[in-house]
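Trainee: I'd like to learn how to read a protein model, one feature at a time. Can we go through one together?

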Amino acid sequence: MKRRALLVAGGAFAGTFLGERPGGRAAQAVVQWPMFEWEKQRGFFPPGVGVMVPPPLAVYGDGEAYADAAAHQYLPAGEAEALRTHAVQVLGKRADLRRRPGFEPSEDAPSERVRVRTADGHYLTAHLDGWGDGDPQHAFPAALHELYDHVQVLRRRVRADGTPWAADALLLVAVHLDAEPDDAEPDDAEPDDAEPDDAEPDDAEPDDGEPDDGEPDDPEPWPASVPVPDVRHDRPYRETKLTGAKARRVRRDLPRSDEGAWRSYRTPAGAFIAVAWRYSLPHEW
């Protein structure tokens, strides 16, 4: 929390979230943004899916690096500065950011944003429309790929050697469901004729080892300790930032998987909602 000075102010923060600050007040925050950040920004996703993907790497001015909002570690000063220098060199040249002719992505293609703070405090920013998972078509110049590789090296090391990140600050996303979810097969699923219908005994333990590809599970009763998100048919989607005791209650009573699978719940009013959450980075509180 040392990077974040809470300040009640009006209209100072540009965002789409409802910020729940300690004491239950909605407030704006003056934050210190990362010195470097590579993040996934937009694309054609179902509601909530895009925001649940944290930045692959964010590095603050003191050298503290966060990978996937899952682990953090202080980088040696030389390595943090080397990343800054590398990013400034690449983002400062328009030629290194242009796609090759003939590789125009669709309007709803995933987009990523890379930004770095220069020595004079200004930011250089690049929006990489259609980058996808590492630009597999190599539509962008080699210099950008070299920066991406540099980021991935640091990201993997922070994930492997860093401290797990489990802050009392998180982003909760809720989606209203028009009907009770079920576990029926999709209409286009191929029938499985390899096993008879009664291959699994009635008393077999469910397999909880893997998430259901992000689909909501069978609904559970909504926990009384957590306020029900205000989603409904005419407002089906909501993002809420929570900190302190409110975040701890969500962590305790709305369990999640590391893969970010959605869980479905039945509210006291009889409605059905699906929720997911992830830890916030310091500048996202």
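This is a predicted model: local features need pLDDT of at least 70, side-chain atom pairs count only at pLDDT 80 or more; totals for chains, interfaces and linings use all residues.

Trainee: Where does Asp135 lie?

Mentor: Look in the loop between strand E9 (123-129) and helix H2 (142-161). Those labels are DSSP runs numbered from the N terminus: helices (H or I) have at least four residues and strands (E) at least two. Asp135 has a phi near 50°, a positive value in a residue other than glycine. His138 sits in the loop between E9 and H2 as well, and its phi is near 55°, again positive in a non-glycine residue. His138 is partly exposed, though, at 48% relative accessible area.

Trainee: How many helices and strands does the protein chain have?

Mentor: There are three helices and 15 strands. Of the 285 residues in the chain, 39% are buried. Now look at contacts (heavy atoms within 4.5 Å): among those in the chain with a separation of 6 or more, 72% join residues 24 or more positions apart.

Trainee: Next, aromatic rings. How many aromatic pairs are there?

Mentor: A pair of rings is described by the distance of the centres and the angle of the planes. The rule takes rings of Phe, Tyr and Trp (its six-membered ring) with centres within 6.5 Å; planes under 30 degrees apart are stacked, over 60 edge-to-face, and the rest tilted. That gives nine aromatic pairs here. One of them is Trp165 with Trp285, which is stacked, at 6.5 Å centre to centre and 15° between the planes. Trp165 is in the loop between strand E10 (163-164) and strand E11 (169-177), and Trp285 is in the segment after strand E15 (272-279), so the pair ties together parts 120 residues apart in sequence. Trp165 and Trp285 are both buried. Elsewhere, Trp38, Trp131, Phe140 and Tyr148 make up one aromatic cluster.

Trainee: Which residue lies over the face of Tyr123?

Mentor: That's Arg115, 5.7 Å from the ring centre. The test for a charge over a ring is that NZ of Lys or CZ of Arg lies within 6 Å of the ring centre and within 35 degrees of the ring normal.

Trainee: Which side chains make a polar contact with the side chain of Glu37?

Mentor: Arg115 turns up again, at 2.7 Å from the Glu37 side chain, and the side chain of His283 is another partner, at 3.2 Å. A polar contact is a pair of N or O atoms within 3.5 Å; within protein, one must be able to donate a hydrogen and the other to accept it, and residues adjacent in sequence count only if both atoms are side-chain atoms. Glu37 belongs to strand E4 (residues 36-42) and is buried, with a relative accessible area of 1%. Apart from neighbours within four places in sequence, the contacts of Glu37 include Pro55, Leu57 and Ala58.

Trainee: Last one: what does Thr118 show us about distance in sequence and in space?

Mentor: Thr118 and Thr85 are 33 residues apart in sequence, while their C-alpha atoms are 8.4 Å apart in space. Thr118 lies in the loop between strand E8 (111-117) and E9, and at 15% relative accessibility it counts as buried. Leaving aside neighbours within four places in sequence, Thr118 is in contact with Arg84, Val88 and Leu124.

Terms used
Residues are numbered from 1 along each chain as its sequence is written. Side-chain values use heavy atoms; hydrogens and water are left out. Buried means under 20% relative accessible area, exposed over 50%, partly exposed in between (1.4 Å probe, protein chains only).
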